Amino acid sequence: MPIDMKTVIASTFVTMVKQKGIDKITVKALIDACGISRQTFYYHFQDIMEVIEWALEQAAKSTLVKSLEADTPEKALSVLISSAVENRTLISKLLDSQKRGQIEKLFVQAAKTYLQELIRSRPHKVSLDYADTEIALDFWAFGITGMLFKYCQQERIDVKNLAEQICRLLPEKGE
């Protein structure tokens, strides 16, 4: 089976971030850790930010698959919250970087894409026109991202309770 070099590069990057933070990671350090050439890196990614973006997209896709298996909105949201909690060290290191603004935007976009796919995959009776749907998605993507950032800083999180609290804020079907 061929090696998925994008996954190798992204996984190595994540490991490095957990150890020393993002600001100290250069393309040179990353290719050395991966044991690849600079040309191989640039074949797959333009720069470090693209590695972060790709890794975040993959994590969101994986979380979505698990969320779609949940039988209630609370359980689906619990999957998202649990994923963030499991990756709290990585999230903290990313947010503590000089690239925080760019990284926050990537997280919000990943959350928006996650929510769009979750909505598409679940039957719902909420009727919104396109413009209202876009505003709602932005609102929830920013809100959920902000909450995840806040709660990931806490030592203990009651994932089930937080998911239930957030779901109580959602409109009921048909509203």
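The sulfur of C152 lies 17 Å from the closest cysteine sulfur, that of C167, which is too far for a bond. The structure, a predicted model, accordingly holds 0 disulfides, a disulfide being a pair of cysteine sulfur atoms within 2.5 Å. The protein has 9 helices and 0 strands; these elements are DSSP runs numbered from the N terminus, with helices being H or I of at least four residues and strands E of at least two.

Residues are numbered from 1 along each chain as its sequence is written. In this predicted model, local features need pLDDT of at least 70 and side-chain atom pairs count only at pLDDT 80 or more, while totals for chains, interfaces and linings use all residues; side-chain values use heavy atoms, with hydrogens and water left out.

**Overall architecture**

- Along the sequence, the protein follows the pattern α-α-α-α-α-α-α-α-α.
- Taken along the principal axes, the box filled by the C-alpha atoms is roughly 55 × 35 × 30 Å.
- The protein has 175 residues, of which 38% count as buried; buried means under 20% relative accessible area, exposed means over 50%, and partly exposed lies in between, with a 1.4 Å probe and protein chains only.
- Among contacts between residues at least 6 apart in sequence, 68% join residues at least 24 apart, where contact means heavy atoms within 4.5 Å.

**Cysteines**

- C152 counts as buried, at 6% relative accessibility.
- C167 also counts as buried, at 9% relative accessibility, and its closest cysteine sulfur is that of C152, at 17 Å, too far for a bond.
- In general, a disulfide is a covalent bond between the sulfur atoms of two cysteines.

**Packing of α1 against α4**

- Helix α1 (residues 5–20) packs with helix α4 (residues 48–68) at an angle of about 100°, their axes being 10 Å apart; axes are lines fitted to C-alpha atoms, for helices over the stretch in contact, and angles run from 0 to 180 degrees between N-to-C directions.
- This angle makes α1 roughly perpendicular to α4, on a scale where 65 to 115 degrees is roughly perpendicular, under 35 roughly parallel, over 145 roughly antiparallel and the rest oblique.
- From α1, the residues K6, T7, I9, A10 and F13 meet I48, V51, I52, W54 and A55 of α4.
- The residues of this contact of α1 with α4 comprise 8 nonpolar, 1 polar and 1 charged; Ala, Val, Leu, Ile, Met, Phe, Trp, Tyr, Cys and Pro count as nonpolar, Asp, Glu, Lys and Arg as charged, and the others, Gly among them, as polar.

**Packing of α1 against α6**

- The axes of α1 and helix α6 (residues 88–95) cross at roughly 75° and come within 9 Å.
- The contact of α1 with α6 has 4 nonpolar, 1 polar and 2 charged residues.

**Buried face of α2**

- Helix α2 (residues 27–34) has V27, L30, I31 and C34 buried.
- Viewed down the axis of α2, the buried residues fall within an arc of 95°, so they line one face of the helix; the arc is that of the directions from the helix axis to the C-beta atoms.
- An α-helix has 3.6 residues a turn, so residues three or four places apart point the same way.
- The cover over the buried residues of α2 includes α1, α3 (38–44) and α4.
- G35 follows α2 and has a positive phi, near 70°.

**Individual residues**

- L56 is found in helix α4 and is buried, with a relative accessible area of 16%.
- Not counting residues up to four places away in sequence, L56 touches L106, F107 and A110.
- L56 and L106 are 50 residues apart along the chain, and their C-alpha atoms are separated by 7.7 Å.
- K112 lies in helix α7 (residues 100–121) and counts as buried, at 13% relative accessibility.
- Neighbours within four places in sequence left aside, K112 is in contact with E134, L137, D138 and A141.
- R156 lies in the loop between α8 (130–152) and α9 (159–169) and counts as exposed, at 74% relative accessibility.
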